[in-house]
Amino acid sequence: MLLKEWHSFGSTERAKSDLTGVVISILTEPVTRSLPLAWQGDYSTNRAADWIHERDSEGTTLLAISAETSQPVGLMILYEIEDIETGDEDIRLGYLLAESAWGSGMATEMVSGFLDWCRSQDFHGTITAGVERDNQASRRVLEKNGLNSGPTETSGSTETIYRLRLG
Ligand SMILES: CC(C)(COP(=O)(O)OP(=O)(O)OC[C@H]1O[C@@H](n2cnc3c(N)ncnc32)[C@H](O)[C@@H]1OP(=O)(O)O)[C@@H](O)C(=O)NCCC(=O)NCCS
């Protein structure tokens, strides 16, 4: 698997050359079902272009492609937040896999690769991910990568917050 910033791929590097096509192929109904309501529903080319624009205005998005087929397999969405008081960096992590790639360990590999990269950059701070409580596959992916849901869970919320401190 190759994981890097989604605009940084050369047109011959991935099987689908346009990013809107990549988004349309990944954001299918089963994938967006556990994601924010505003991301659900069908994607036209225009909607996919708007979605790409929104992600770019909010943070950094990485695209994972299969090393064997060059087909897009998933996206990793990163938002960086700095605690003004402590100066601590927090990277908020989100990810989604094309349905065809589910259950093959790719989400685990994607998160593990990202954490290895953070360590190689001497990143000091926290990695945080919010997961709906009933999203067992995603919770397992985070747990296998050493993220923990601590006592900071907000009662009444359906989301569990997982964290890992690095550095
Ligand atoms: C969540 C998602 C990323 C998981 O992808 P994946 O490729 O299936 O993940 P992996 O194969 O790396 O690992 C999944 C783990 O969860 C386990 N799992 C899957 N479904 C499960 C379930 N219903 N209950 C318990 N464990 C489950 C798998 O057995 C595996 O653990 P194991 O390696 O110990 O056997 C993928 O399903 C997806 O993109 N879903 C839609 C978007 C989404 O939910 N994103 C996350 C938002 S927080």
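Which element gives the most residues to the shell around the ligand? In this predicted model, that element is H5, which contributes five residues to the shell.

**Ligand shell**
- The ligand is surrounded by 21 residues, and the closest of them are Ala 107, Thr 108, Gln 136, Ala 137 and Arg 140.
- Two or more residues of this shell come from each of the elements E4, H4 and H5.
- Sorted by class, the shell is made up of twelve nonpolar residues, eight polar residues and one charged residue.

**Nonpolar core**
- The largest nonpolar core comprises 31 residues, and the most contacts inside it are made by Ile 26, Leu 63, Ala 64, Leu 75, Met 76, Tyr 95 and Met 110.
- At least two residues of this core are supplied by each of helix H1 (19-26), strand E2 (60-65), strand E3 (72-82), strand E4 (89-97), helix H4 (106-120), strand E5 (125-132) and helix H5 (136-144), and E4 gives the most, with five residues.
- Once its neighbours within four places in sequence are left aside, Met 76 is in contact with Leu 3, Leu 62, Ala 64, Tyr 95, Met 110 and Phe 114.

**Helix H4**
- H4 is built from 15 residues and reaches 21 Å from its first C-alpha to its last, which is close to the 21 Å expected at 1.5 Å a residue.
- Its buried residues are Ala 107, Met 110, Val 111 and Phe 114, and because they cover an arc of only 90 degrees around the axis, they lie on the same side of H4.
- The face of H4 that is turned away from this buried side carries the exposed residues Asp 116, Arg 119 and Ser 120.
- The cover over the buried residues of H4 includes strand E1 (2-5) together with E2, E3, E4 and H5.
- Just after the end of H4, Asp 122 adopts a positive phi of about 60 degrees.

**Thr 60**
- Thr 60 is located in strand E2, and it counts as partly exposed because it has 15 C-beta neighbours inside 10 Å, whereas a buried residue would need 20 or more.
- Apart from neighbours within four places in sequence, the residues in contact with Thr 60 are Glu 5 and Leu 78.
- Thr 60 and Thr 28 are 32 residues apart along the chain, and their C-alpha atoms are separated by 21 Å.

Conventions. Residues are numbered from 1 along each chain as its sequence is written. This is a predicted model: local features need pLDDT of at least 70, side-chain atom pairs count only at pLDDT 80 or more; totals for chains, interfaces and linings use all residues. A nonpolar core is a set of buried Ala, Val, Leu, Ile, Met, Phe, Trp, Tyr and Cys residues joined through C-beta atoms within 7 Å. A residue is buried if 20 or more other C-beta atoms lie within 10 Å of its own, exposed if 12 or fewer, and partly exposed in between; C-beta atoms are placed from the backbone. Helices (H or I, at least four residues) and strands (E, at least two) are DSSP runs, numbered from the N terminus. Two residues are in contact if their C-beta atoms, placed from the backbone, lie within 7 Å. A residue is near a molecule or strand if its C-beta atom, placed from the backbone, lies within 6 Å of it. Ala, Val, Leu, Ile, Met, Phe, Trp, Tyr, Cys and Pro count as nonpolar, Asp, Glu, Lys and Arg as charged, and the others, Gly among them, as polar. The expected span of a helix is 1.5 Å times one less than its number of residues. The arc is that of the directions from the helix axis to the C-beta atoms.
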